[in-house]
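I set down what I looked up, entry by entry.

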Amino acid sequence: MVQSENLKTEKAEDDDGPPPGWQQPIHTTPPPLPSPPPSVDNMGQLVCGSCRRLLAHPGGAKRVICACCGTDNLVLEPHQVGQVKCGGCAVLLMYPYGAPRVRCCSCRFETEIGDHNRRPPLSEQLNKPTPPKGI
């Protein structure tokens, strides 16, 4: 018991208080304010090309990395996407505009993108006349 009391008094004597300069204010710049979350009106969605999960992304994003599997997904604008029914199981498929064929994720059937299911040019979709070709 006497030894523990001696240790306590020795520690109390060794403790001279706070280190020098502790009372001086430390000048730091405040952290930047976090950017506000994107509004719901400016959000897009896509299905991950690997794990098939639905991903939400801010509007204008070019690539989205899936938090589940880590796949880097290319974000296509609506005018860059074609739609066709699968020739095997009739599920609606989406594909990048200009692709010659698309493989179904459900039945693995490859549907050819022919003239019968090729999308019209964007100008026709928007009911705008095609600009005249240069003379």
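Predicted model: local features only at pLDDT ≥ 70, side-chain atom pairs only at ≥ 80, totals over all residues.

**Entry 1: cysteines.** Cys89 has a relative accessibility of 36%, so I class the residue as partly exposed. I then looked for a sulfur partner. The closest cysteine sulfur to that of Cys89 belongs to Cys104, at 3.7 Å, which is too far for a bond. A disulfide here requires the two sulfur atoms to be within 2.5 Å. I repeated the check on Cys107, whose sulfur has that of Cys86 as its closest cysteine sulfur. The separation is 3.6 Å, so this pair is also too far for a bond. Cys107 is partly exposed because its relative accessibility is 34%, between the limits of 20% and 50%.

**Entry 2: record.** I consulted UniProt for the annotation. An unreviewed entry lists "domain: Zinc finger LSD1-type" for residues 48-71 and 86-108. I took each span in turn. In residues 48-71 the end C-alpha atoms are 7 Å apart, and the span has 0% helix and 33% strand. In residues 86-108 the end C-alpha atoms are 9 Å apart, with 0% helix and 35% strand.

**Entry 3: chain layout.** I counted 2 helices and 8 strands. Along the sequence, I read the order as α-β-β-β-β-β-β-β-β-α. Of the 135 residues in the chain, 19% are buried. I also noted the contacts in the chain with a separation of 6 or more: 16% of them join residues 24 or more positions apart.

Entry 4: Which non-glycine residues have a positive phi? I noted Arg52, with a phi of about 70°, and Ala90, with a phi near 70°. Most residues other than glycine have a negative phi. I placed Arg52 in the loop between strand 1 and strand 2 (54-58). Its relative accessible area is 45%, so Arg52 is partly exposed. Ala90 sits in the loop between strand 5 and strand 6.

**Entry 5: Gly98.** I located Gly98 in the loop between strand 6 and strand 7. Is Gly98 buried or exposed? Its relative accessibility is 58%, so Gly98 counts as exposed. I then took the C-alpha distance from Gly98 to Ile113, which is 8.6 Å for a sequence separation of 15 residues.

**Entry 6: largest pocket.** I looked up the volume of the largest pocket, which is about 890 Å³. Its lining has 30 residues, and those closest to the centre are Leu46, Val47, Leu74, Leu76 and Met94. The elements that contribute two or more residues to this lining are strand 1 (43-47), strand 4 (72-74), strand 5 (81-85), strand 6 (92-96) and strand 7 (101-103). Which element gives the largest share of the lining? I found that strand 6 does, with 5 residues. By residue class, I recorded 17 nonpolar, 10 polar and 3 charged residues in the lining.

Terms used: Residues numbered from 1 in each chain as written. Heavy atoms only, no water. 1 Å grid on protein atoms, 1.4 Å probe; cavity = no way out; pocket = protein on both sides within 12 Å on 5 of 7 lines; lining within 4 Å. Points joined across faces, edges and corners; volume = space filled by probe spheres on them. Helix = DSSP H or I, 4+ residues; strand = E, 2+ residues; numbered from the N terminus. Nonpolar A, V, L, I, M, F, W, Y, C, P; charged D, E, K, R; others polar. UniProt positions renumbered as here; feature names shortened; annotations may be inferred. Buried < 20%, exposed > 50% of the residue type's maximum accessible area, 1.4 Å probe, protein only. Contact = heavy atoms within 4.5 Å.
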